[in-house]
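Let's take a friendly walk through this protein together. Have the model open beside the text as you read.

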Amino acid sequence: NGNLTSGDHSATLHSTSESTSQSYDLSKLDNATLEQLISSVCSLCSGDATQNKNGAPEELLTCSDCSNSGHPSCLQFSPELTEKVKTYSWQCIECKTCNLCGQLGDDNKLMFCDECDKGFHTDCLSPPMSEVPEGNWSCVFCKGISVPTMDIIMVRANS
(Lines give C-alpha, C1' and ligand atoms only; values in the text may rest on other atoms or scores of the structure.)
Protein backbone atom coordinates (compact mmCIF):
# COMPACT_ATOMS: atom_id res chain seq x y z
CA ASN A 1 0.00 0.00 0.00
CA GLY A 2 1.06 3.61 -0.40
CA ASN A 3 0.32 6.50 1.90
CA LEU A 4 0.76 10.20 1.24
CA THR A 5 1.51 12.27 4.31
CA SER A 6 2.26 15.96 4.50
CA GLY A 7 4.37 17.88 6.97
CA ASP A 8 4.82 21.62 7.41
CA HIS A 9 6.75 22.18 4.19
CA SER A 10 6.99 18.83 2.45
CA ALA A 11 5.11 15.66 1.77
CA THR A 12 6.28 12.07 1.86
CA LEU A 13 4.96 9.14 -0.13
CA HIS A 14 5.32 5.78 1.61
CA SER A 15 4.87 2.97 -0.88
CA THR A 16 4.77 -0.63 0.29
CA SER A 17 4.28 -3.80 -1.67
CA GLU A 18 5.03 -7.39 -0.65
CA SER A 19 8.66 -7.15 -1.77
CA THR A 20 9.64 -3.49 -1.25
CA SER A 21 9.02 -0.55 1.00
CA GLN A 22 10.09 2.96 -0.04
CA SER A 23 9.62 6.52 1.20
CA TYR A 24 10.03 9.58 -0.99
CA ASP A 25 10.44 13.22 0.04
CA LEU A 26 8.13 14.73 -2.59
CA SER A 27 9.65 18.20 -2.23
CA LYS A 28 12.91 16.87 -3.68
CA LEU A 29 11.45 15.18 -6.76
CA ASP A 30 11.16 16.66 -10.24
CA ASN A 31 7.67 16.92 -11.77
CA ALA A 32 8.08 13.92 -14.07
CA THR A 33 9.13 11.63 -11.21
CA LEU A 34 6.37 12.98 -8.97
CA GLU A 35 3.76 12.40 -11.70
CA GLN A 36 5.03 8.84 -12.20
CA LEU A 37 4.78 8.11 -8.46
CA ILE A 38 1.26 9.55 -8.21
CA SER A 39 0.05 7.56 -11.21
CA SER A 40 1.45 4.31 -9.75
CA VAL A 41 -0.71 4.50 -6.57
CA CYS A 42 -4.50 4.22 -6.28
CA SER A 43 -5.84 7.52 -4.91
CA LEU A 44 -8.66 5.63 -3.17
CA CYS A 45 -6.97 2.69 -1.40
CA SER A 46 -3.27 3.69 -1.72
CA GLY A 47 -2.46 0.30 -3.25
CA ASP A 48 -0.48 -0.19 -6.43
CA ALA A 49 -0.85 -2.54 -9.40
CA THR A 50 0.41 -5.43 -7.28
CA GLN A 51 -2.20 -5.01 -4.56
CA ASN A 52 -5.70 -3.49 -4.51
CA LYS A 53 -7.94 -3.00 -1.44
CA ASN A 54 -8.59 -6.76 -1.39
CA GLY A 55 -4.90 -7.65 -1.63
CA ALA A 56 -5.16 -8.85 -5.22
CA PRO A 57 -3.15 -7.60 -8.22
CA GLU A 58 -5.17 -5.13 -10.31
CA GLU A 59 -4.21 -2.65 -13.00
CA LEU A 60 -4.64 1.07 -12.39
CA LEU A 61 -6.62 3.48 -14.56
CA THR A 62 -4.86 6.86 -14.83
CA CYS A 63 -6.52 10.22 -15.43
CA SER A 64 -5.31 11.79 -18.68
CA ASP A 65 -5.39 15.26 -17.11
CA CYS A 66 -3.98 15.03 -13.56
CA SER A 67 -2.36 11.55 -13.54
CA ASN A 68 -4.32 10.42 -10.45
CA SER A 69 -4.98 6.70 -10.64
CA GLY A 70 -7.50 4.24 -9.29
CA HIS A 71 -8.17 0.52 -9.36
CA PRO A 72 -11.33 -0.26 -11.33
CA SER A 73 -12.68 -2.08 -8.25
CA CYS A 74 -12.08 1.00 -6.08
CA LEU A 75 -13.83 3.14 -8.69
CA GLN A 76 -16.68 0.59 -8.70
CA PHE A 77 -16.26 0.02 -12.45
CA SER A 78 -17.62 -3.13 -14.04
CA PRO A 79 -15.26 -5.17 -16.24
CA GLU A 80 -17.14 -3.84 -19.30
CA LEU A 81 -16.80 -0.21 -18.20
CA THR A 82 -13.11 -0.76 -17.40
CA GLU A 83 -12.46 -2.04 -20.93
CA LYS A 84 -14.38 0.88 -22.45
CA VAL A 85 -12.53 3.63 -20.53
CA LYS A 86 -9.20 2.13 -21.62
CA THR A 87 -10.12 3.02 -25.23
CA TYR A 88 -10.03 6.80 -24.72
CA SER A 89 -8.34 9.52 -22.63
CA TRP A 90 -10.19 8.86 -19.38
CA GLN A 91 -10.72 11.68 -16.85
CA CYS A 92 -11.14 11.18 -13.09
CA ILE A 93 -14.14 12.71 -11.34
CA GLU A 94 -12.11 15.79 -10.35
CA CYS A 95 -11.08 16.55 -13.95
CA LYS A 96 -14.20 15.35 -15.79
CA THR A 97 -15.41 17.74 -18.49
CA CYS A 98 -18.45 17.63 -20.75
CA ASN A 99 -17.80 15.40 -23.75
CA LEU A 100 -19.78 17.81 -25.95
CA CYS A 101 -18.64 21.32 -24.91
CA GLY A 102 -15.29 20.39 -23.35
CA GLN A 103 -15.91 22.60 -20.29
CA LEU A 104 -16.16 21.87 -16.57
CA GLY A 105 -19.17 24.10 -15.99
CA ASP A 106 -21.76 23.51 -13.28
CA ASP A 107 -21.13 20.25 -11.37
CA ASN A 108 -24.86 19.96 -10.67
CA LYS A 109 -25.53 19.73 -14.41
CA LEU A 110 -22.69 17.32 -15.26
CA MET A 111 -23.75 13.69 -15.42
CA PHE A 112 -21.80 10.58 -16.25
CA CYS A 113 -22.70 7.84 -18.69
CA ASP A 114 -22.96 4.50 -16.90
CA GLU A 115 -21.65 2.68 -19.98
CA CYS A 116 -18.56 4.80 -20.84
CA ASP A 117 -18.06 7.17 -17.84
CA LYS A 118 -17.86 10.24 -20.09
CA GLY A 119 -19.37 13.46 -18.75
CA PHE A 120 -22.25 15.44 -20.27
CA HIS A 121 -23.97 18.66 -19.17
CA THR A 122 -27.74 18.37 -19.08
CA ASP A 123 -28.07 21.57 -21.13
CA CYS A 124 -25.54 20.46 -23.78
CA LEU A 125 -27.70 17.51 -24.82
CA SER A 126 -30.12 17.81 -27.71
CA PRO A 127 -32.79 18.18 -26.53
CA PRO A 128 -31.49 19.55 -23.21
CA MET A 129 -32.50 17.82 -19.98
CA SER A 130 -33.90 19.93 -17.15
CA GLU A 131 -32.14 17.88 -14.45
CA VAL A 132 -29.80 14.94 -13.92
CA PRO A 133 -31.90 11.76 -14.04
CA GLU A 134 -31.92 9.35 -11.10
CA GLY A 135 -30.65 5.83 -11.64
CA ASN A 136 -28.66 4.60 -14.61
CA TRP A 137 -28.20 6.80 -17.66
CA SER A 138 -26.51 6.11 -20.99
CA CYS A 139 -25.29 8.75 -23.43
CA VAL A 140 -26.44 8.93 -27.04
CA PHE A 141 -23.12 7.50 -28.24
CA CYS A 142 -23.46 4.36 -26.11
CA LYS A 143 -27.13 4.04 -27.05
CA GLY A 144 -26.07 4.14 -30.69
CA ILE A 145 -28.27 7.13 -31.46
CA SER A 146 -27.05 9.16 -34.38
CA VAL A 147 -26.27 12.74 -33.33
CA PRO A 148 -26.12 15.23 -36.18
CA THR A 149 -22.65 16.76 -36.38
CA MET A 150 -24.25 20.22 -36.57
CA ASP A 151 -25.78 19.73 -33.09
CA ILE A 152 -22.35 18.99 -31.62
CA ILE A 153 -20.80 21.95 -33.45
CA MET A 154 -23.56 24.27 -32.17
CA VAL A 155 -23.05 23.14 -28.55
CA ARG A 156 -19.29 23.75 -28.77
CA ALA A 157 -19.81 27.13 -30.45
CA ASN A 158 -22.19 28.27 -27.70
CA SER A 159 -19.82 27.27 -24.88
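The side chain of lysine 86 makes a polar contact of 3.2 Å with the side chain of glutamate 59; a polar contact is a pair of N or O atoms within 3.5 Å, where within protein one must be able to donate a hydrogen and the other to accept it, and residues adjacent in sequence count only if both atoms are side-chain atoms. The side chain of lysine 86 is also joined to that of glutamate 83, by a polar contact of 3.0 Å. You will find lysine 86 in the loop between H2 and S6. Beyond its neighbours within four places in sequence, lysine 86 is in contact (heavy atoms within 4.5 Å) with Glu59 and Leu61. Its C-alpha atom is 9.3 Å from that of threonine 62, a residue 24 places away along the chain. With a relative accessible area of 39%, lysine 86 is partly exposed; buried means under 20%, exposed over 50%, and partly exposed in between (1.4 Å probe, protein chains only).

A word on how to read all this: the model is predicted, so local features need pLDDT of at least 70 and side-chain atom pairs count only at pLDDT 80 or more, while totals for chains, interfaces and linings use all residues. Residues are numbered from 1 along each chain as its sequence is written, and side-chain values use heavy atoms, with hydrogens and water left out.

How confident is the predictor? The mean pLDDT (the predictor's confidence in each residue, from 0 to 100) is 78, and 67% of the residues reach 70 or more. Over residues 1-21 the pLDDT stays under 50, and the model has 49 contacts beyond four places in sequence for them. Residues 150-159 are also below 50, with 12 contacts beyond near neighbours in sequence.

Now for the overall plan. The protein has four helices and seven strands, where helices (H or I, at least four residues) and strands (E, at least two) are DSSP runs numbered from the N terminus. Along the sequence they follow the pattern β-β-β-α-β-β-α-β-β-α-α. Of the 159 residues, 33% count as buried.

Next, look at the rings. The structure holds three aromatic pairs; rings of Phe, Tyr and Trp (its six-membered ring) pair if their centres lie within 6.5 Å, and planes under 30 degrees apart count as stacked, over 60 as edge-to-face and the rest as tilted. One of them is the edge-to-face pair of phenylalanine 77 and tryptophan 90, 6.1 Å centre to centre with 90° between the planes. Both of these residues are buried. Phenylalanine 120 and tryptophan 137 also form an edge-to-face pair, at 5.7 Å and 65°. Phenylalanine 120 lies in strand S7 (residues 119-121) and tryptophan 137 in the loop between S7 and helix H3 (140-143), so this pair ties together parts 17 residues apart in sequence. Both phenylalanine 120 and tryptophan 137 are buried, and ring pairs link Phe120, Trp137 and Phe141 into a cluster.

Finally, turn to asparagine 52, in the loop between helix H1 (31-39) and strand S4 (61-62). Is asparagine 52 buried or exposed? Its relative accessibility is 7%, so asparagine 52 counts as buried. A polar atom of its side chain lies 2.8 Å from the backbone nitrogen of asparagine 54. Not counting residues up to four places away in sequence, asparagine 52 touches Cys45, Glu58, His71 and Ser73.
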